[in-house]
Amino acid sequence: MISRKFQFSRALQRLVDAVERLSEDDFSKLGDESFNIEIRLTRKRSKEESSTPTHDANLANVIERLTAFRNREEAQQFLDANFSTRKSVEPIARKLDIPISKQDKVETLRDKVIEATVGARVRSQAIQGGKV
């Protein structure tokens with residue numbers, strides 16, 4: 001019972017805090033019947049959730065491994081298996097100085113990373129007439 005009282009008290013305090021953060025314009029709209037009042041709850045992200053766990057040493061290892069693959073398909077399988085989200089591929093692309101746009105999807109970023117690593121080596125070998 002004490003816990004419920006505490007939770008209710010805490011919730012009311014948070015509502016009061018939210019009302020106090022309203023601007024003067026927003027505050028005047030509270031009494032205007034042409035406006036609706038909605039309460040929206042959003043989850044705060046902690047710093048651990050928002051930061052990327054990938055370090056420079058790990059990125060260097062990943063790039064070294066990507067560069068060592070014999071062909072694009074092997075690199076594609078590696079990226080598909082280990083980097084499934086845009087957020088996980090983006091640090092690799094940034095480390096390779098690949099231009100990234102907000103519209104790039106994870107598949108596009110993976111393709112750019114593959115072209116910057118395996119693709120560049122394979123193209124260079126083909127131009128030099130080497131075995132691909």
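These legends describe close-up views of one predicted model.

In this predicted model, local features need pLDDT of at least 70 and side-chain atom pairs count only at pLDDT 80 or more, while totals for chains, interfaces and linings use all residues. Residues are numbered from 1 along each chain as its sequence is written, and side-chain values use heavy atoms, with hydrogens and water left out.

**View 1**
The largest nonpolar core has 19 residues. A nonpolar core is a set of buried Ala, Val, Leu, Ile, Met, Phe, Trp, Tyr and Cys residues joined through side-chain atoms within 4.5 Å. Buried means under 20% relative accessible area, exposed means over 50%, and partly exposed lies in between (1.4 Å probe, protein chains only). Which members touch the most other members? They are L66, F78, L79, F83, I92 and V113. Helices α4 (56-68), α5 (72-82), α6 (86-95) and α7 (106-127) each supply at least two residues of this core. Helix α7 gives the most, with six residues. Helices are DSSP runs (H or I, at least four residues), and strands are runs of E (at least two); both are numbered from the N terminus.

**View 1. Contacts of L79.**
L79 touches L66, S84, I92, R110, V113 and I114. Residues up to four places away in sequence are not counted here. Contact means heavy atoms within 4.5 Å. L66, I92 and V113 are, like L79, among the core residues that touch the most other members.

**View 2. The aromatic cluster of F69, F78 and F83.**
Ring pairs link F69, F78 and F83 into a cluster. A search of the whole structure finds two aromatic pairs. F69 and F78 form a tilted pair, 5.5 Å centre to centre, with 50° between the planes. The rings of F78 and F83 have their centres 6.0 Å apart and their planes at 65°, so this pair is edge-to-face. Rings of Phe, Tyr and Trp (its six-membered ring) pair if their centres lie within 6.5 Å; planes under 30 degrees apart count as stacked, over 60 as edge-to-face and the rest as tilted. F69 is buried, at 14% relative accessible area. F78 is buried at 10%, and F83 is buried at 10%.

**View 3. A salt-bridge network through E115.**
R72, E115 and R123 are linked in a network of salt bridges. A salt bridge is a side-chain nitrogen of Lys or Arg within 4 Å of a carboxyl oxygen of Asp or Glu. The whole structure holds eight of them by this search. In the bridge of E115 with R72, the closest N and O atoms are 2.5 Å apart. E115 lies in helix α7 and R72 in helix α5, so the pair ties together parts that are 43 residues apart in sequence. In the bridge of R123 with E115, the closest N and O atoms are 2.7 Å apart. E115 is partly exposed, with a relative accessible area of 31%. R72 counts as partly exposed at 30%, and R123 is partly exposed at 41%.

**View 4. The K112 and D104 bridge.**
The side chains of K112 and D104 meet in a salt bridge, at 2.7 Å from N to O. Are the two partners buried or exposed, D104 and K112? D104 is buried, with a relative accessible area of 10%. K112 counts as partly exposed at 29%.

E90 is found in helix α6. E90 is buried, with a relative accessible area of 18%. E90 touches I100 and L109, not counting residues up to four places away in sequence. D97 is found in the loop between α6 and α7. D97 has a positive phi of about 60° although it is not a glycine. D97 is exposed, with a relative accessible area of 69%.

**View 5. A nonpolar surface patch.**
F8, L12, L15, I39 and L41 make a nonpolar surface patch of about 580 Å². Patches are made of residues with over 30% relative accessible area and no salt bridge: like charges are joined within 9 Å, nonpolar side chains (Val, Leu, Ile, Met, Phe, Trp, Tyr) within 5 Å. Accessible areas come from the Shrake-Rupley method with a 1.4 Å probe; for residues, only the protein chains shown count as cover. L15 lies in helix α1 (residues 2-20). L15 is partly exposed, with a relative accessible area of 42%.
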